[in-house]
Amino acid sequence: MNFLKPAALTAALLLGSWFGSNAWAAATPAQPTEVTETTKTAEAAEADTKAEAKADANAEAYAKLPVCKLSEDGKRLIAEPCRTAPAAVPMPRRPVPLTIQRMPSTKVAPQVAMPQMAPSTPIETLMQPPGSPVPAVGCTAAGCYDPSGARHSTGPAGTTVTPTGKLCSRQGVWIQC
């Protein structure tokens, strides 16, 4: 029977707080919540006036403080609180003559014509019509060679790329351009 007492006390507490809150809400009268624009602007103007008066009072109090100076040992201020020293009058800028120096000239290397290579037309390429498959020789993961010795680099999805940039298809040991 001892375990029922805490549960009964908790239930009584919850019911009492619920009834009490409802009674409190019914007993308090409703306040008018309507505020007109004129009361808002009057309150804002009054708040602005108070803020300006407070700022003026703070500025006057700050102006009356002594200027901050260090003690002879240089480790502390002579008087606290203090105000910062007024800004020194800036010195006028002195005129400086404009000097533009020439950039050093750089010499460009002379252009040398590249030697012309004789066009190589292997007999295997002349004997086969264009577009016919040729056997791939010495294939690795990086690519293959065709019978004329031209390197075909491995391209995307079963293709190869010739040295001139042409795409060819590769099927097993055959390359077709």
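How exposed is Cys68, in terms of relative accessibility? In this predicted model, for which local features need pLDDT of at least 70, side-chain atom pairs count only at pLDDT 80 or more, whereas totals for chains, interfaces and linings use all residues. Residues are numbered from 1 along each chain as its sequence is written, and side-chain values use heavy atoms, with hydrogens and water left out.

Cys68 has a relative accessibility of 28% and therefore counts as partly exposed, where buried means under 20% relative accessible area, exposed over 50% and partly exposed in between (1.4 Å probe, protein chains only). Its disulfide partner is Cys82, at an S to S distance of 1.8 Å, a disulfide being a pair of cysteine sulfur atoms within 2.5 Å. This pair links distant parts of the chain, 14 residues apart, with both Cys68 and Cys82 in the loop between helix 2 (37-64) and helix 3 (123-127); helices (H or I, at least four residues) are DSSP runs numbered from the N terminus. Cys82 is buried, at 16% relative accessible area, and the link is right-handed, with 95° about the S-S bond.

In the link of Cys139 and Cys144, the sulfur atoms lie 2.0 Å apart, and the right-handed geometry shows 120° about the S-S bond; Cys139 is partly exposed at 33%, while Cys144 is buried at 1%. Cys168 is joined to Cys177 with an S to S distance of 1.9 Å, again as a right-handed link, with 100° about the S-S bond. Here Cys168 is buried at 2%, whereas Cys177 is partly exposed at 37%.

Notes. Helix = DSSP H or I, 4+ residues; strand = E, 2+ residues; numbered from the N terminus.
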